[in-house]
Amino acid sequence: MRLLLGSFLAFAAAAFIGLGTTWLALNDGVAYGGITIGAWTAWPKNGTPGIDPYARAMVARSGELPVGSGDGVTFFARTDDDAHPFDGRCDVAVSGTTPQARFWTLTLYDPEGKLVANSAQRHGFTSQEVIRNADGTFDITVGPRARPGNWLPTGGVDRYVLALRLYDTPVGLATRSGRDTPMPTVAQKGCP
Amino acid sequence: MIRFALWLLSGILLGGVVHLATVLLLPRMANQDAYSRLMPLTPVNKVVPVPAPSPEKAAMPFMDPAFAMAVCRYDLTKAPLKFSVPISQAYTSVSFYTRADTAYYAINDRAAGRRVIELDLMTAEQHSEVPENEEITAADRLIVESPTNTGLIVIKALAAEPGLLPLAQNLLTAARCLPQAQ
């Protein structure tokens, strides 16, 4: 009887701890080898055969295809530079320059990776179409209401994710944050 | 009491094993991964366009809407594959993924260095059977080795502005992936 009770306890603990930690690890995005620059984080290793088992499990679960390392690298931002989570009802300014790349695209997704419906039917910018300042920098306003200049609509959603993809870029596995990788700043402007 | 603690300890240790096992096995069990999502859309060894993502519908999450995309779901069991795609004015890339959605190779138009990206895709075994003395070993033939028999070739062409998307999509219709005649 004791044996039965004991083994039952052990198996219950094993299932709870094992599955619980797996669930936590995959939901909170535990992945190794990330490069964080300001609000942006990229996992260049996810585009190589050296992708770590946690990232591999996350990719399998979400159904996305990571950008291959010979193609480019994806930086994600879920918060502004001061670590405030993005709120689709607020205005956020994304401005500055990007690291060296032949092309880049900035895209807004909901947390599940879907595009967000909006009246302007705009889901992002490419490096070709963004309007730049005289010194080559750009200012993009991410917000619910139309703005002059580069306006990326949030559609008023609660939470969103920004993805900055650099294509044909030297940024990759060996990159550290620093002068060679000037990522755009992300600042919350105003909240109703 | 000590016995109780020992059972609990063994449970915790076993929990660690369960954690590692589930993380490692999950990719094999997943039925919503990119390969499985694309399976119903894509016949084997044929280039098929993937519809541009929209808020209502997307083949996969986190697709870049600035790109036209086409996929060749390959199977090398019978024969190696010949792949080619003309490059666009903006940016064209070809990425290779295993059955488990791991990117193992990617090339872009600049790296290819000409108007057409052309390459042969084969398994390591098929590669070793390629006769070396023939002229095919010449540098102009790019050979890519696939670690798995099946997988995905993803071809992307950039539309620098939304109006250029049909042009990019049109370009990808010229992409070919054909099994080599034996």
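Me: How many bridges join S1(B) to strand S2 of chain B, and in which direction do the two strands run?

Reply: In this predicted model, S1(B) and strand S2 (residues 67–75) of chain B run antiparallel and are joined by four bridges. Within that pairing, Pro49(B) has Ala70(B) in S2(B) as its bridge partner.

Me: What sheet do these strands belong to, and in which order do its strands lie?

Reply: The sheet of chain B is open and has five strands, with antiparallel pairing and the order S1-S2-S8-S4-S5. Strand S1 (47–50) and S5 of chain B are the edge strands, as each pairs on one side only. From one strand to the next, the twist averages 20 degrees.

Me: Which elements of chain B have the lowest and the highest mean pLDDT?

Reply: In chain B, the lowest mean pLDDT among the elements, 82, belongs to H3(B), and the highest, 95, to S2(B). Over chain B as a whole the mean pLDDT is 88, with 95% of the residues at 70 or more. For the model, the scores are ipTM 0.87 and pTM 0.89.

Me: What domains does the assignment of chain B give?

Reply: The assignment gives domain 1 (1–30) and domain 2 (34–179) in chain B. Between the C-alpha centres of these two domains of chain B the distance is 40 Å.

Me: Where do Asp101(B) and Asp168(A) lie, and what is phi for each?

Reply: Both cases concern a positive phi in a residue other than glycine. Asp101(B) lies in the loop between S4 and S5 of chain B, and its phi is near 65 degrees. Asp168(A) lies in the loop between strand S9 (161–167) and strand S10 (185–190) of chain A, and its phi is near 50 degrees.

Me: Why does Asp101(B) count as buried, and why does Asp168(A) count as partly exposed?

Reply: The reasoning rests on a count of C-beta atoms within 10 Å, with 20 or more for a buried residue and 12 or fewer for an exposed one. Asp101(B) counts as buried because it has 26 C-beta neighbours inside 10 Å. Asp168(A) has 18 such neighbours and therefore counts as partly exposed.

Me: Is Glu145(B) buried or partly exposed, and which residues does Glu145(B) touch?

Reply: Glu145(B) is located in strand S7 (residues 143–146) of chain B. Because 17 other C-beta atoms lie within 10 Å, Glu145(B) is partly exposed. Leaving aside residues up to four places away in sequence, Glu145(B) touches Met122(B), Thr123(B), Ala124(B) and His127(B). Asp120(B) is 25 residues from Glu145(B) along the chain, and their C-alpha atoms are 8.4 Å apart.

Note on methods
Residues numbered from 1 in each chain as written. Chains lettered and ligands numbered in written order. Predicted model: local features only at pLDDT ≥ 70, side-chain atom pairs only at ≥ 80, totals over all residues. Domains from an automatic or database assignment. Contact = placed C-beta atoms within 7 Å. Pairing = 2+ DSSP bridges. Axes fitted to C-alpha atoms, helices over the stretch in contact; angles between N-to-C directions. pLDDT = per-residue confidence, 0-100.
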